[in-house]
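I have kept to what can be computed from the atoms.

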Amino acid sequence: KTVTANRLTDGRVIYRSATGQWTTELAEAARLDEDQADAILEIASDESHIAVGAYLIELEDDRPGGQKWRREGIRLTGPTTGSTHTQATA
């Protein structure tokens, strides 16, 4: 597991690193076992001046896993489709 949130200043997806900092790189996210996860989430949740909406996600290797893997993949990489706006022709 790891802790994810959104950065307060710009809304970017961020992860709690093993050094206790926040990072935009999933590869730098701390890998937490069950005993660590709740404690680190509590610490991260108290940093509302940096990150908002902190929660735990499952990890499988170097990508989001568990039941919410698709949602977390979209959060990480951005929208899944291009613009649906079409210009009217005269």
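The numbered points go from the chain as a whole to its first helix and then to its cores.

1. This is a predicted model, in which local features need pLDDT of at least 70 and side-chain atom pairs count only at pLDDT 80 or more, while totals for chains, interfaces and linings use all residues. Residues are numbered from 1 along each chain as its sequence is written, and side-chain values use heavy atoms, with hydrogens and water left out.

2. The chain has 2 helices and 6 strands, these being DSSP runs numbered from the N terminus (helices H or I, at least four residues; strands E, at least two). Along the sequence they follow the pattern β-β-β-α-β-β-β-α.

3. Of the 90 residues, 31% count as buried, where buried means under 20% relative accessible area, exposed over 50%, and partly exposed in between (1.4 Å probe, protein chains only). Among contacts (heavy atoms within 4.5 Å) with a separation of 6 or more, 51% are accounted for by residues 24 or more positions apart.

4. Helix 1 (residues 34–45) has 12 residues, which at 1.5 Å a residue should span 16 Å, and its end C-alpha atoms are 17 Å apart, which agrees; the expected span is 1.5 Å times one less than the number of residues.

5. Which residues of helix 1 are buried? They are Ala37, Leu41 and Ala44. They cover an arc of only 65° around the axis, which puts them on the same side of helix 1; the arc is that of the directions from the helix axis to the C-beta atoms. The face turned away from this buried side carries the exposed residues Asp35, Asp38 and Glu42. The buried residues of helix 1 pack against strand 1 (2–7), strand 2 (13–16), strand 3 (22–23) and strand 4 (51–57).

6. The largest nonpolar core has 10 residues, including Val3, Ala5, Ile14, Trp22 and Leu41; such a core is a set of buried Ala, Val, Leu, Ile, Met, Phe, Trp, Tyr and Cys residues joined through side-chain atoms within 4.5 Å. Strand 1 and helix 1 are the elements that give two or more residues to this core, and its largest share, 3 residues, comes from helix 1. Apart from this core lies another, of 7 residues, among them Ala29, Tyr55, Ile57 and Leu59.

7. Leaving aside neighbours within four places in sequence, Ile14 is in contact with Val3, Thr4, Ala5, Asn6, Arg7, Trp22, Thr23, Thr24, Ile50 and Ala51.
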